[in-house]
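Here's a quick tour of one model, with an eye on how its parts touch. Take a look at it first, then read on.

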Amino acid sequence: MRARSTVGRRSVLAAGAGLGAVGAAGCSVGSAANSVNAEPVVPAADGPVTLTYWAWLKGLQVVCDLWNKDNPDIQVQAAWSGSGNSGGYAKMFAALAAGGGADIAQVEFQMLPSFLLQNGLVDLNRYGFGDLTGDYNPNDLSRVSVGDGTFGVPQDTGPMGFFYRRDLLEEIGVNAPATWEEWLDVARAVKESDPSRRLESFNINDPGNFTSYCMQAGADWFTNDGETWTVDLAGEPTRMVADMMDTAFDEDLFNTAYGAFTSGWFAAAANGSIASVITGSWGDALLTGVGGTEGLWAVAPMPTWPDTGFGSATLGGSTAAVLATSQHPAEALQFIHWMTTAPEAIDALIENSGTGWSSSPDYIGRTREEPSEFFGGQNYNQEIFVPAAQAQNPDWIWSPIYLELNDLMSNLFRKRGSSGTRLGDSLEDLEREAVTIMSDKGLQVRGANT
Amino acid sequence: MRGLNNAQKRAPWLLLAPFLTLFLLTMVLPVIYAIGQSFTKVERTGLFGEGGISSSFAGLQNYERALADDAFLASVGRVLLFGIVQVPVMILSVTVLALLLESASAKWPSFFRAAYFIPYGIPGVIASILWSFLYLPGFSPIVAGLDKLGIGVDFLGEGTVLWSIANIVTWTYAGYNMLIVIAQLKAIPGEVYEAAKVDGAGPLRVALSVQLPLIRPALVLTTVFSIIGTLQLFAEPQVLRTVSSAIDAKYTPNFAAYSSAFTYSDYGVASAQAVLIALAAFVLSFAFLRLTGRKEP
C-alpha cells in the first residue's frame, strides 16, 4: 500500500543521514559491479536463520509471527523502514551500497527497475520462483519480470476506482462519471455548488495519478528491445490525458493545495470540500480515517475513454523483494511465498497492515468478500475492484527513472500553476529530459517523438 | 620540548586520539571520498546494468551537469536570497534581545533568557512538523484567526513558503545566538560601564558606543554560523514539502544533493553538488570574515 499520509512524516527523521554519508554511500559503484545474479546460488542454510524484513507496513510483525510460530528454523523479524519515497528507499539504497541491510524489502512495483539499476535485487527464478508463478495474477507478474528473471514477488496492487461521497453528488444532482468527459462536467458542477468545494485534489509533488491515467489511456511510456529503451512521453494517449488535465487546470477544477490522504486533505474531506478521489483499492482503508463520514462513501469504476484505453489502471502496490546482500535468499522466498498466497497471511496483512489488492487470484481476503458498512453496504470489492484488477494495460513497464520522472512531472505541474504553461506543450521537453537522465545513467536510450 | 619525557610527549596524542579517530572517520575520509566520487561516472551494460556496472573517470562532467541543472542553480539563488534577508533580521533581533536582557532595567532576565533559548532544544525536524501544522489551512489557529479578520494568507504558497521556513529557522536559532552574544556581554568588565556612567552616557549611548563594539566578535561568529547554516538548509524544506506543493525536490542545494544521492542514486553528481556547497560556504564565510576583519583597528 501507499502509506504516504501521516506516517511519511516520521520517516523524515530517518532521512537525516546528511551529506557526510554521500561519500560513503558512493562505494557501491565499482565494488558492486558484478551482479549478485551472476554469482553461484546461495545454498539453503543448515540450521535456523533469522531474516530481516524492511517495510513500512504497520503491524507487519504480527503477520511474521504467524509464520514464526510454525517455522522455528526461519524466523522473520520485521523492521520499520520509513515509507518508501520519504526515506525508506534512501535507507535501502544506502544499505545496498554499504553491503549490508535487510534480507527482504518492501519495494513498490514502479521502484523495482531503480533497484535493478543498483544491482540490488536477487533473481528469484534462480531460487525456484518459476514453479510458483501459477499462484499469482499474470498482470502483476509481468511487472516484476525482466527477461528471464523475476525480481520481486507481487504482494498487493492498487487497481483504481472512483471513491466518492454519495451524499454530496446526490445533493448536487450528478452521477458518478463513466467517462473522463463526464468527469470534467461533474467537477464543474461540484465547483458551482460551492466555490470552495472541488471534486478532487491533485498532488503536485507526486503526480502519480497522472501516470496512472496515461497508463489507463493506453500509453506505453517505456519499451525496450532487450538492449535499448524507447521513451514515448509525447504520444497520442499521453496527449489526450494532458489535454484533459489542462482543461481541468484552466477551469480551476482541482484542489492543488494538498494531495490525497495528507492531513489537510483529511480535514477537507471531513467537511465536504473534497467530494471524491480516484485512487487504488487500498484507498478504502485510508478513507475510514475521514471523520464523521461513515456510510456516506461509495465506489464506482474509474472514468474511461470512450474508444480507447483500458477499464482501469494501478496506483501503488508493493512487492516483497530479496535484496542482493541477503545471505538467505532461498529461505526468504519460502516466507514471501507463504505471506503472499496463504489465506491466513493475506487476511492478517489486510487486518493489521491495511495492504492493498491481493496478488493471489484465488483469494481476495475474507473481509473483502462481504459488503462494507462504511461504504453504505456496497459490496464494492467484488463489484468494482475484481473487474478492475483484470482491466489493466498489459504492456505497461515501469522505467528505471521513476522518481526522476516523477519530479520532472512535478515541475511541469508546478509551472502549470505558476505561469500557466500548458502540459500539452511541455511533453516533448519532458521526453528529451527523460532521455538525457537515462543516458546519464549509462543506458542505451532514444526518444520516440524527439 | 627538551624537558618532556616520552610519556609527556605521548600524552596529548593519547588524549586527542578519540576525537581524532572520529574526526578522521566521519569527516575527513568522507570528504576525500566525496571529492573523488565527484570525478567518477557510471557505465552500464544491459537494460538495467545486469550485464555489469563499471565506473570511470569523468573529468569535470559531474560539475558540468550540476551547474547546467536549472533547478540546482535556482536553489542556490533561493538560499542566497534567504540568507540576505534572514541572517540580518536574525542577527539584528538577537542583538536587540541580548542588549535588552542585559540592560539594568530588565525584568526577569533569567526567565526570558531560558524562554528564548528553549526552541533551540527542539530538534529541527520536530520544530518543522509543529510549524507545518501552524501553517496548514484547516488545522492552524493562526490561519483560521486571520481568516476571521478577513486576511487570507497562504503560508505555504510559492511566494511565501521560503519566508515561512525563515520564520522557523529564526525561531529555532535566535535564542542560541542570543546566548553567545549575552556571554560576550557578560565578559565586559564592570569598570567600563562605570567609566561610561561617569562620562554621563545614558543606556542608549552605553549600548551603541560601549556594548556594540565590544560584542562585535560574537556577532561576527554568529553571522558566520548563520551563513553556513543557511547554505545547509535541509530539514525544514524536507518536512514542509509534505504540506506545500511549492517545494520541489531540489529546493535548497543540500536538498538537491540529497535527492541526487538517495533518491536518484546519482552519487557522482551528488558529490559534485556537495563539493560546490562546501566551496560556497568556505568562500562566503571567508569573504565575510575578511570584510569584517579589515575594519579592525
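## Ground rules

This is a predicted model, so to speak of local features takes pLDDT of at least 70 and side-chain atom pairs count only at pLDDT 80 or more, while totals for chains, interfaces and linings use all residues. Residues are numbered from 1 along each chain as its sequence is written, chains are lettered from A and ligands numbered from 1 in the order in which they are written, and side-chain values use heavy atoms, with hydrogens and water left out.

## Where chain A meets chain B

The contact (heavy atoms within 4.5 Å) draws 54 residues from chain A and 47 residues from chain B. Together the two chains bury about 4,300 Å², with 61% of that on carbon and sulfur atoms; buried area here is the accessible area (1.4 Å probe) that two parts lose on being put together, summed over both.

Two salt bridges are counted between chain A and chain B, each being a side-chain nitrogen of Lys or Arg within 4 Å of a carboxyl oxygen of Asp or Glu. Asp440(A) pairs with Arg65(B) in a salt bridge, and their closest N and O atoms are 3.1 Å apart. On chain A, the helices that each supply at least two residues of the side touching chain B include helix 1 (7-14), helix 5 (88-98) and helix 17 (402-419). Helices are DSSP runs (H or I, at least four residues), numbered from the N terminus.

## Two domains in chain B

Chain B is split into domain 1 (17-59) and domain 2 (69-293), with bounds from an automatic or database domain assignment. Five residues from each domain make up the contact. The domain centres, taken over C-alpha atoms, are 33 Å apart.

How much do domain 1 and domain 2 of chain B bury between them? About 340 Å², 72% of it on carbon and sulfur atoms. On the domain 1 side, Ala34(B), Gln37(B) and Ser38(B) lose the most area to domain 2, together 78% of what that side buries. The count of salt bridges between these two domains is zero.

## Rings and charges

A charge sits over a ring if NZ of Lys or CZ of Arg is within 6 Å of the ring centre and within 35 degrees of the ring normal. In chain A, the charged end of Lys91(A) sits over the ring of Trp54(A), 4.6 Å from its centre. In chain B, Arg78(B) has its charged end over the ring of Tyr251(B), 4.2 Å from the ring centre.
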